Amino acid sequence: DLLEVPARYENALEAALGDELQSILVATREDGVHGIRFLKQRGSGRGSFLPLNLRNVPPQKSVPQLHGVLGRLADLVNLRNEFLPIAQLLLGNVLVVEDLDVALTVWDQDMDGWRIVTLEGDVIDPAGELRGGTSERAGAGILARQREIAELAASVERLRAEVATLEGHVTEIETRIEETEAALAEIAARAKEEELRVVSSQKDLQSLANQVEREQRHLGHTL
């Protein structure tokens with residue numbers, strides 16, 4: 001979990017580290033000893049412990065300037081500064097190349113004892129032992145699974161943010177609808193009041209008209 005590895009180098013890193021990829025980092029060698037004793041006491045199997053206070057970190061070698069050589073693996077991964085000695089110890093003598101043909105060419109010319117690993121995870125150690133082949137399935141490695149989990153977690157967070165944004169829009173729209181409905185209700189109430197006033201005015205007007213008509217008839221009889 002301390003490493004950030006570009007997807008392109010996942011196979012190479014897993015092949016280079018092997019079981020060490022699951023080692024437990026401890027502060028000191030004594031902590032590692034305590035861990036081993038604890039496993040023995042509990043009968044809980046075996047474990048690998050890697051102390052941070054390393055005694056000797058091998059000096060860096062010059063990377064061969066050959067076609068297909070991608071670089072020192074320690075330089076191709078991201079790691080916090082306090083763990084750089086660990087990276088140099090485990091990955092400082094690992095050279096990443098494009099494919100097995102390049103690896104063989106580099107090994108034939110290698111005078112520095114590089115451990116050579118390809119992007120597909122084939123390995124040639126300094127003595128010439130070769131390891132390689134195919135995984136059970138593509139993306140079956142620990143790093144690939146960790147990356148997939150991280151990507152899924154990021155997707156979940158992104159979807160949650162999108163849902164929160166959409167919920168905010170929905171709330172805003174509902175508020176506008178409520179405000180519009182309230183305004184329409186107010187307009188309807190005013191319209192009703194105006195309608196009642198019109199009816200009342202019409203009644204008053206009719207009453208006045210009737211009164212005028214009566215006065216005119218009365219006036220006619222008088223004359």
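## Surface patches

A patch is a group of residues with over 30% relative accessible area and no salt bridge, in which like charges are joined within 9 Å and nonpolar side chains (Val, Leu, Ile, Met, Phe, Trp, Tyr) within 5 Å. In this predicted model, local features need pLDDT of at least 70 and side-chain atom pairs count only at pLDDT 80 or more, whereas totals for chains, interfaces and linings use all residues. Residues are numbered from 1 along each chain as its sequence is written, and side-chain values use heavy atoms, with hydrogens and water left out.

Leu-100, Leu-104 and Leu-130 make a nonpolar surface patch of about 250 Å² (Shrake-Rupley accessible area, 1.4 Å probe, only the protein chains shown counting as cover for residues). Leu-130 belongs to strand β7, residues 130–131, and is exposed at 52% relative accessibility (exposed means over 50% relative accessible area, buried under 20%, and partly exposed in between). A negative patch is formed by Glu-98, Asp-99, Asp-101 and Glu-120 (Asp and Glu count as negative, Lys and Arg as positive, and His and the chain ends are not counted; a charge is placed at CG of Asp, CD of Glu, NZ of Lys or CZ of Arg). Glu-120 lies in the loop between β5 (115–118) and β6 (123–124) and is exposed, with a relative accessible area of 62%.

## Fold and nonpolar core

The protein has six helices and seven strands (DSSP runs numbered from the N terminus: helices are H or I of at least four residues, strands E of at least two). Of its 223 residues, 23% count as buried.

The largest nonpolar core has 20 residues, and Leu-13, Leu-73, Leu-91, Val-96 and Val-117 have the most contacts inside it (a core joins buried Ala, Val, Leu, Ile, Met, Phe, Trp, Tyr and Cys residues through side-chain atoms within 4.5 Å). Two or more residues each come from α1 (10–17), α3 (73–76), α4 (84–91) and β4 (94–97), with α1 giving the largest share, five residues. Leu-91, in helix α4, is buried at 3% relative accessibility.

## Salt bridges

The count comes to six salt bridges (a side-chain nitrogen of Lys or Arg within 4 Å of a carboxyl oxygen of Asp or Glu). One of them joins Arg-160 and Glu-157 at 3.0 Å, N to O; these residues are about one helical turn apart because they stand three residues apart in helix α6 (residues 142–222).

Arg-190 also forms a salt bridge, with Glu-186, the closest N and O atoms being 2.6 Å apart. Arg-190 is exposed at 51% relative accessibility, whereas Glu-186 is partly exposed at 41%.

Definitions and conventions. Buried means under 20% relative accessible area, exposed over 50%, partly exposed in between (1.4 Å probe, protein chains only).
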